[in-house]
Amino acid sequence: MFAYVVRRVLATIPVMAIVALFVFSLLYIAPGDPAAVIAGDQATPDDVERIRQSLGLDRPYLVRFGSWVWDILRGDLGVSIFTNLPVATMIKQRIEPTLSLMIVTLCLAVSIAVPMGVVAAWKVGTWIDRMVMGFAVLGFSVPVFVVGYLLAYVFALELDWLPVQGYTAFSQGFVPWIENLILPAVALGSVYIALIARITRATMLEVLQQDYIRTARAKGANQVSILFLHALKNAAVPIVTVIGIGIALLIGGAVVTESVFAIPGLGRLTVDAILRRDYPVIQGVVLLFSFVYVLVNLVIDLLYTLFDPRIRY
Amino acid sequence: MALLEVENLQTHFRTPDGINRAVDGLSFSVEAGETVAIVGESGCGKSVTSMSILRLIPEPPGKIAGSIRFNGRDLLKMSDKEMRAVRGNEISMIFQEPMTSLNPVLTVGRQIGETLRLHQGMSAAQAEDRAVEMLKLVGIPEPQRRVKEYPHQLSGGMRQRVMIAIALACNPKLLIADEPTTALDVTIQAQILDLMRDLKRTVGAAIVIITHDLGVVAEVAERVIVMYAGRKVEEAAVGKLFGSPRHPYTQGLLGSMPKLGSSLTGDETRLQEIPGLVPSLKKKLEGCVFASRCPHTTDLCRKVAPALEEKAPGHIAACHYAIKEAVAA
């Protein structure tokens with residue numbers, strides 16, 4: 001087990017290296033010259049050349065890549081072209097809202113979607129099942145921003161139950177923090193909920209046909225225990241897998257959701273950076289997201305052993 | 001009053017092309033402590049009968065009618081909650097497939113302990129201690145270690161022993177064993193049958209054993225019920241049934257059994273077969289259910305269904321010509 005963890009952690013190195021190469025090349029092949037942007041309209045070609053040299057842009061590709069990676073390993077993600085602030089600092093300022101949004105969405109989605117899928121599988125063919133599946137199709141097909149604006153209109157503007165937009169730091173108290181996150185989390189989570197509910201239903205349907213479910217029934221186990229202990233634990237591996245894969249959906253969706261609900265997070269930072277061609281910031285954010293995703297998948301793989309004793313590493 | 005009295009049991013399934021009458025008007029009873037075998041070929045309704053007793057038939061598409069009285073109470077009239085209190089506690093069941101009947105993600109101890117916690121209100125620790133005792137009782141070596149293992153770490157024979165441990169954990173009054181040895185190889189079969197016989201003596205439960213294996217019947221049963229096409233066609237004490245079978249179907253079944261060593265002693269004969277197939281249960285059958293395959297069929301058989309009659313003391317069969325056949329044989 002420990003050896004497996006070490007191997008898996010080591011295996012993330014080549015993955016991250018490839019991601020880093022892509023991210024770095026993004027800057028290299030992107031149109032526009034950062035030196036010219038910094039120098040401004042009035043600069044002479046000599047000025048631009050001087051800036052280019054000071055930024056190290058005149059050095060060969062591989063040398064620049066090497067020194068860039070070296071900087072990153074020391075925690076230096078470069079300096080924003082636009083704000084002149086270190087990228088690491090900018091990310092640190094923006095990470096809490098995004099992390100909060102992701103965690104709340106994850107918890108909300110899993111705690112809604114898994115029971116939904118389980119009940120749909122139990123009541124397969126009934127109106128309950130059809131409603132769950134109908135919701136899943138809806139969740140898939142309506143974009144995040146439509147759901148977001150709709151929720152904001154109904155629950156914030158019309159009913160006035162929750163704030164329309166914005167973010168309150170966790171340090172300001174749990175209630176204002178969660179109040180601001182409920183609507184964005186539901187909007188961001190709708191696709192995710194649909195995905196998890198569908199997989200849960202499909203897997204549970206298969207598991208409920210198994211002989212050991214009949215055994216559990218013959219033992220006198222009640223329906224709740226049959227569904228959530230005997231069946232769900234057997235269905236856990238595919239469900240956990242799709243929860244992990246879905247994190248990618250959340251990362252992509254966070255960018256849109258943060259814009260809709262005016263949350264000052266990494267998503268907004270990314271959008272702003274793209275609009276301003278602030279390449280160091282884009283690079284930093286993309287690297288961070290990739291790293292999180294690789295990490296999540298590692299955790300998922302380790303979770304498998306928790307649910308299925310037949311899986312051994 | 002018998003421990004279990006099944007009367008006019010009808011288990012039907014709705015299918016896209018008609019109603020499948022898997023069990024159609026079956027009656028039998030089991031006394032406390034008795035071992036009764038239900039035999040018949042595949043599709044005769046014997047497994048459906050066993051599942052009907054514990055109401056494990058999914059409804060719909062299934063539908064169970066008639067009455068199943070256990071200790072005088074009709075199981076078919078019980079609420080789900082009352083039924084759950086019976087399952088695994090007063091009546092328990094062993095299934096055919098030991099490889100797939102245990103939950104792969106729960107430890108053996110947890111699965112044995114589950115019934116104890118459900119029905120006897122034991123704590124997790126008590127249940128585990130009792131699970132170790134049960135494993136010892138069913139002859140699993142190193143029960144302390146095995147109790148923490150998962151089913152995939154056990155062999156098929158050991159898994160069936162675990163199933164038996166689960167079934168007997170709460171000292172049931174009735175144990176239903178649905179082909180308990182079919183999936184096991186011969187030496188393990190003998191061990192499991194021995195184990196069931198020993199445990200029957202210590203626990204004192206009545207056993208209904210469902211099987212197509214007449215060797216198993218001869219080994220463990222006291223009384224035998226022969227089923228064909230969802231009905232009972234013959235019933236007798238095991239000695240009588242093997243000694244003088246009355247129904248042509250039973251005679252056919254016994255004739256199709258190989259005799260050990262017959263090729264060496266020189267009286268080797270070709271095994272007899274019963275020609276034809278079990279009739280479709282989706283049509284209402286006219287006359288005797290066995291008429292289409294019986295070597296003695298007459299017009300009477302095709303028109304009138306024979307009633308179950310006592311052909312000899314304690315020996316009933318459903319055949320117009322049963323007595324004549326027995327005399328002729």
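A residue counts as buried if 20 or more other C-beta atoms lie within 10 Å of its own. The model is predicted. Its scores are ipTM 0.82 and pTM 0.80.

**A buried asparagine**

Is B:Asn89 buried or exposed? B:Asn89 has 20 C-beta neighbours inside 10 Å, so B:Asn89 counts as buried. This residue sits in a loop of chain B, between helix H2 (80-86) and strand S6 (91-94). Which residues does B:Asn89 touch, leaving out those up to four places away in sequence? They are B:His119, B:Cys170, B:Pro172 and, from chain A, A:Gly220. B:Asp178 is 89 residues from B:Asn89 in sequence. In space, the two C-alpha atoms are 17 Å apart.

**Where the chains meet**

Chain A puts 19 residues into the contact, and chain B puts in 24 residues. On the side of chain A that touches chain B, helix H9 (211-218) and helix H10 (223-260) each supply at least two residues. H9(A) gives the most, with seven residues. By type, this side of chain A has six nonpolar, six polar and seven charged residues.

**Chain A: helices**

Chain A has 12 helices and zero strands. Its C-alpha atoms fill a box of roughly 85 × 55 × 35 Å along the principal axes. Of its 313 residues, 34% count as buried. Take the contacts in chain A with a separation of 6 or more: residues 24 or more positions apart account for 72% of them.

Now look at one helix pair. The axes of helix H7 (residues 144-158) and helix H8 (residues 174-208) of chain A come within 8 Å. They cross at roughly 150°, and the crossing is right-handed. From H7(A), the residues that meet H8(A) include A:Val144, A:Leu151 and A:Phe155. Among their counterparts in H8(A) are A:Leu183, A:Val186 and A:Leu188. The contact of H7(A) with H8(A) holds 10 nonpolar residues, two polar and no charged.

The table sets out the residue types in the two contact sets described above.

**Chain B: a sheet and a helix**

Chain B contains an open sheet of four strands. The order is S2-S1-S4-S5, and the pairing is antiparallel. Why is one side of S2 and of S5 left without a neighbour in the sheet? Strand S2 (18-30) and strand S5 (73-74) of chain B stand at the edges, each with a single partner strand, so one side of each has no neighbour there.

How many bridges join S1(B) to S2(B)? Strand S1 (residues 4-15) is joined to S2(B) by 10 bridges, and the two run antiparallel. One example is B:Leu9, whose bridge partner in S2(B) is B:Leu26. Helix H1 (residues 46-53) of chain B packs on this sheet. H1(B) touches S1, S2 and strand S4 (62-70) of chain B. The direction of H1(B) makes about 70° with that of S2(B).

**Confidence in chain B**

The mean pLDDT of chain B is 83. In this chain, 95% of the residues reach 70 or more. Over residues 324-329 of chain B, however, the pLDDT is below 50. Beyond near neighbours in sequence, that stretch has five contacts in the model. Where pLDDT is low, predicted coordinates should not be read in detail.

Technical notes: Residues are numbered from 1 along each chain as its sequence is written. Chains are lettered from A and ligands numbered from 1 in the order in which they are written. This is a predicted model: local features need pLDDT of at least 70, side-chain atom pairs count only at pLDDT 80 or more; totals for chains, interfaces and linings use all residues. Two residues are in contact if their C-beta atoms, placed from the backbone, lie within 7 Å. Ala, Val, Leu, Ile, Met, Phe, Trp, Tyr, Cys and Pro count as nonpolar, Asp, Glu, Lys and Arg as charged, and the others, Gly among them, as polar. Axes are lines fitted to C-alpha atoms, for helices over the stretch in contact, and angles run from 0 to 180 degrees between N-to-C directions. A crossing is left-handed if the near helix is turned anticlockwise from the far one by less than a right angle, and right-handed if clockwise. A residue is buried if 20 or more other C-beta atoms lie within 10 Å of its own, exposed if 12 or fewer, and partly exposed in between; C-beta atoms are placed from the backbone. pLDDT is the predictor's confidence in each residue, from 0 to 100. Two strands pair if DSSP finds at least two bridges between them.
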